[in-house]
Amino acid sequence: MQEPSYVLEISHLNKCFGTHEVLTDISFTVQTGDVTCIIGASGSGKSTLLRCINFLEDPTAGQILFHGRDAETQWKRAEYHAKVGMVFQSFNLFNNMTVLDNCVAGQVKVLGRDRKTAVQKSVQYLDKVGMAPYQNARPAQLSGGQKQRVAIARALAMDPEVLLFDEPTSALDPEMVGEVLAVMRDLAQGGLTMLIVTHEMSFARDVANRVIFMDQGLIAEDGAPSEIFTQPKQARTREFLSRVLNR
Amino acid sequence: MQLPSSFFGWVGFLLEKYGNLFLLGTGMTLLISLTGTVIGFVIGLIVATLRTIPVNRRTPGTVRALKALLNVLLNLYIEVFRGTPMIVQAMVIYYGAMQAGLIARGTPIPVVAIFIVSINTGAYMAEIIRGGIISVDKGQKEAAQAIGMTHWQSMVSVVLPQAVRNIMPSIGNEFVVNIKDSSVLNVIAVSELFFMSKSAAGAYLRYFEVFAITAVIYLILTFTVTRILRLIERKMDGSATYTILGSQTFSQSAITIREEKKEG
């Protein structure tokens with residue numbers, strides 16, 4: 001039997017909040033190593049899409065396949081979450097734990113690793129994002145950029161196959177955006193499969209191998225960054241890009 | 001025997017004669033209020049965690065129905081025990097249950113007393129802890145979920161520790177209320193401080209002096225408890241310092257950062 005070649009297959013995803021339809025018939029696939037950036041105006045459903053993929057929001061209809069198996073019914077929820085990690089706009093580091101314990105907790109509780117291995121792994125990833133020296137600090141003692149780098153290390157420590165980024169730099173002061181993007185660029189070059197909701201157009205252009213433009217709950221355009229950014233097919237894509245690029 | 005004539009004379013006399021009663025009563029009051037508060041706190045944690053069990057579109061109908069029923073029962077418990085005076089609960093539980101044969105006749109009264117205070121406190125605690133959970137940013141739970149923690153795991157290791165820190169002042173309130181209000185248990189003849197004081201006062205009919213002593217003892221108890229709770233709060237806030245570790249080979253390059261401890 002042939003192994004399904006897609007890591008993630010989103011098919012006919014729908015999400016309604018009450019009678020308000022936020023996502024309409026979203027379908028796309030992600031292959032291993034893909035770095036996909038999802039762009040679009042505020043309220044176009046980008047974040048909701050990411051939150052549905054991670055089941056932080058319950059999709060109203062549709063299916064999410066992970067390695068060809070239904071993520072809702074054929075994967076154990078904990079296992080799926082461990083393999084499909086998430087980085088949030090507001091970092092969401094566990095405020096009651098040190099930086100190190102933030103990275104250790106999931107490994108011990110969810111993956112069942114022993115603490116020693118978990119600590120080793122955490123330090124390794126904290127080092128990768130340049131935060132190893134701060135392992136004893138508490139989240140409240142860190143800057144926004146530092147917090148986000150720890151959040152990335154926390155997600156990496158679970159050895160995910162896919163990492164979802166929900167506007168990872170939107171809550172950061174401008175001078176801290178660079179340090180987080182640098183880490184993400186590094187991860188992309190390392191071959192990690194990433195799905196990134198972002199307003200950082202230059203990052204999308206330079207790092208992604210695919211860009212999805214969303215408008216009013218629909219995928220309006222989907223293609224390589226070179227196509228989307230230089231010769232967008234849709235008028236609304238052109239309009240959006242001219243608005244965000246000519247600031 | 002010469003009886004004292006001044007206020008302080010009587011206080012000294014009564015302390016000497018009934019010191020033991022006061023001591024036993026204080027011990028019983030502390031025992032009941034401390035265990036009652038702790039057990040009530042645990043009840044509150046369990047109730048609050050049960051009430052926040054999430055459901056999604058794949059949750060089977062039977063599970064949903066069970067959860068709805070559970071919620072009704074828990075709400076009923078909270079409403080009944082918050083909505084009736086503890087003194088009435090004591091009468092119903094002790095005399096009522098004994099008449100109905102629900103508790104054995106030989107059951108030690110302190111056990112019944114602790115049961116009453118616990119179940120009463122649990123109803124308040126459930127609401128206090130619910131408030132604490134609401135005060136914790138939703139993102140904390142989501143982040144725990146996103147790395148694969150179950151509802152229980154995320155509650156126990158992420159949400160509740162923060163919720164409990166936030167509600168420590170309210171927990172302190174409950175403890176103080178229990179120290180004072182366990183006095184109503186004298187209606188079922190629990191030998192707590194108020195009950196003992198009444199016996200002591202009756203002998204020489206010195207109500208003013210005896211209850212002045214009792215008031216001071218209550219005040220000392222509550223004051224001490226609030227101080228201890230403040231210490232625990234500070235401890236929960238964690239260390240105000242952390243060390244930026246230096247390079248592996250040159251450990252002297254470590255830097256210690258100290259933050260100003262804020263009061264409040």
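To start with the interface, 38 residues of chain A are in contact with 29 residues of chain B, contact meaning heavy atoms within 4.5 Å. This is a predicted model, in which local features need pLDDT of at least 70 and side-chain atom pairs count only at pLDDT 80 or more, while totals for chains, interfaces and linings use all residues. Residues are numbered from 1 along each chain as its sequence is written, chains are lettered from A and ligands numbered from 1 in the order in which they are written, and side-chain values use heavy atoms, with hydrogens and water left out.

Between them, the two chains bury about 2,700 Å², 53% of it on carbon and sulfur atoms. Buried area here is the accessible area, with a 1.4 Å probe, that two parts lose on being put together, summed over both. On the chain B side, Arg57(B), Ile147(B) and Tyr242(B) lose the most area to chain A, together 25% of what that side buries.

How many salt bridges are there between chain B and chain A? The count is one, where a salt bridge is a side-chain nitrogen of Lys or Arg within 4 Å of a carboxyl oxygen of Asp or Glu. Arg51(A) pairs with Glu142(B), and their closest N and O atoms are 2.6 Å apart. Both belong to a salt-bridge network that also includes Glu57(A) and Lys138(B).

Next, Arg154(A), which is found in helix α5 of chain A, residues 144-156. Helices are DSSP runs of H or I with at least four residues, strands are runs of E with at least two, and both are numbered from the N terminus. Arg154(A) is buried but has no salt bridge; Glu142(B), the nearest side chain of opposite charge, is 9.8 Å away. Buried means under 20% relative accessible area, exposed over 50%, and partly exposed in between, with a 1.4 Å probe and protein chains only. For charge, Lys and Arg count as positive, Asp and Glu as negative, and His and the chain ends are not counted.

Over all chains, the count comes to 17 salt bridges. One of them joins Arg115(A) and Asp101(A) at 3.1 Å, N to O. Arg115(A) lies in helix α4 and Asp101(A) in helix α3, so the pair ties together parts that are 14 residues apart in sequence. Another joins Arg113(A) and Asp159(A) at 2.5 Å. That pair links distant parts of the chain, 46 residues apart. Arg113(A) is buried, at 19% relative accessible area, whereas Asp159(A) is partly exposed at 32%.

Now the nonpolar cores. A core is a set of buried Ala, Val, Leu, Ile, Met, Phe, Trp, Tyr and Cys residues joined through side-chain atoms within 4.5 Å. The largest has 54 residues, and those with the most contacts inside it include Leu126(A), Ile152(A) and Met184(A). Helix α6 of chain A, residues 174-189, gives the largest share, eight residues. A second, separate core has 41 residues, among them Val7(A) and Phe66(A).

Last, a hairpin. Strands β1 and β2 of chain A run antiparallel and are joined by eight bridges; strands pair if DSSP finds at least two bridges between them. Leu13(A) stands opposite Ile26(A). Two residues lie between the strands, and Gly18(A) takes a positive phi near 65°.
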